[in-house]
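Visitor: I have a structure to look through and a few questions about it. Can we go over them one at a time?

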Amino acid sequence: MTVSHHVRVHRSDENLAREDQLAWKIAEVAADRVEVEQPVIDMIINRIIDNASVAAASLTRAPINAARAQAFSHPVSTGGVGANLFGAALDHRTSPEWAAWANGVAVRELDYHDTFLAAEYSHPGDNIPPILAVAQHTGKDGQALVRGIATGYEIQMDLVRAICLHKHKIDHVAHLGPSAAAGIGTLLG
């Protein structure tokens with residue numbers, strides 16, 4: 001069942017209950033244990049392949065080499081086993097934040113991955129590198145990864161439908177912070 005939330009800007013002196021704040025509502029979506037339907041699973045698998053393919057096509061470009069060098073100069077952070085970079089040896093891992101950075105740069109370099117147009121334009125596939133990196137680092141399975149990516153896409157697309165940042169000269173990537181965080185929250189349970 002779809003739930004519509006009417007969101008507006010509130011003045012600082014208004015007493016907005018925590019449960020009525022947008023961040024709270026996004027967290028509720030992330031915590032929802034709804035099952036992901038098979039057509040959505042199939043599309044998410046296609047989007048992961050799309051991301052990896054676009055990233056692989058960019059691996060010889062200078063910005064990608066720089067991002068990968070940055071990522072590989074950082075050791076795996078505590079609390080997990082690290083994450084892989086697209087096109088790197090599976091035993092060559094780095095911290096999840098640096099894997100998300102390098103893989104995100106590789107995906108965006110050619111800018112050929114998915115696009116969603118609404119009140120704003122966006123690339124919801126930008127959610128995949130950070131969610132995938134955290135999944136690898138924490139050893140989550142494919143089902144958890146799919147659920148996390150589904151949440152990331154849902155939040156990103158809902159924000160893009162409702163809030164046009166471009167008219168305020170703010171880049172659409174600002175929607176990515178909440179959507180990736182929600183997807184990671186779903187992934188981690």
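Visitor: Is lysine 169 buried or exposed?

Guide: Lysine 169 counts as exposed, because its relative accessibility is 78%. Buried means under 20% relative accessible area, exposed over 50%, and partly exposed in between, with a 1.4 Å probe and protein chains only. Keep in mind that this is a predicted model, where local features need pLDDT of at least 70, side-chain atom pairs count only at pLDDT 80 or more, and totals for chains, interfaces and linings use all residues. Residues are numbered from 1 along each chain as its sequence is written, and side-chain values use heavy atoms, with hydrogens and water left out.

Visitor: Where does lysine 169 lie?

Guide: Lysine 169 is in the loop between α6 and α7 (176–188). Helices (H or I, at least four residues) and strands (E, at least two) are DSSP runs, numbered from the N terminus. Lysine 169 is not a glycine, yet its phi is positive, about 60 degrees. Most residues other than glycine have a negative phi.

Visitor: And aspartate 111, what is its phi?

Guide: Aspartate 111 also has a positive phi of about 60 degrees, without being a glycine. Aspartate 111 sits in the loop between α4 and β1 (116–117), and counts as partly exposed because its relative accessibility is 36%.

Visitor: Switching to helices. At what angle do α3 and α4 cross?

Guide: The axes of α3 (residues 62–72) and α4 (residues 96–110) cross at roughly 175 degrees and come within 8 Å. Axes are lines fitted to C-alpha atoms, for helices over the stretch in contact (heavy atoms within 4.5 Å). Angles run from 0 to 180 degrees between N-to-C directions. The crossing therefore makes α3 roughly antiparallel to α4, a term for angles over 145 degrees.

Visitor: Which residues meet there?

Guide: Among them are Ile64 and Ala67 in α3, and Trp98 and Trp101 in α4. The residues of this contact of α3 with α4 divide into 9 nonpolar, 1 polar and 2 charged. Ala, Val, Leu, Ile, Met, Phe, Trp, Tyr, Cys and Pro count as nonpolar, Asp, Glu, Lys and Arg as charged, and the others, Gly among them, as polar.

Visitor: How do α2 and α4 cross?

Guide: The axes of α2 and α4 come within 7 Å and cross at roughly 80 degrees. The angle therefore makes α2 roughly perpendicular to α4, which covers 65 to 115 degrees. The contact involves Asn51, Val54, Ala55 and Ala57 of α2, with Ala106, Val107 and Leu110 of α4.

Visitor: How many of those are charged?

Guide: The contact of α2 with α4 has no charged residues, with 6 nonpolar and 1 polar.

Definitions and conventions:
Parallel < 35°, antiparallel > 145°, perpendicular 65-115°, else oblique.
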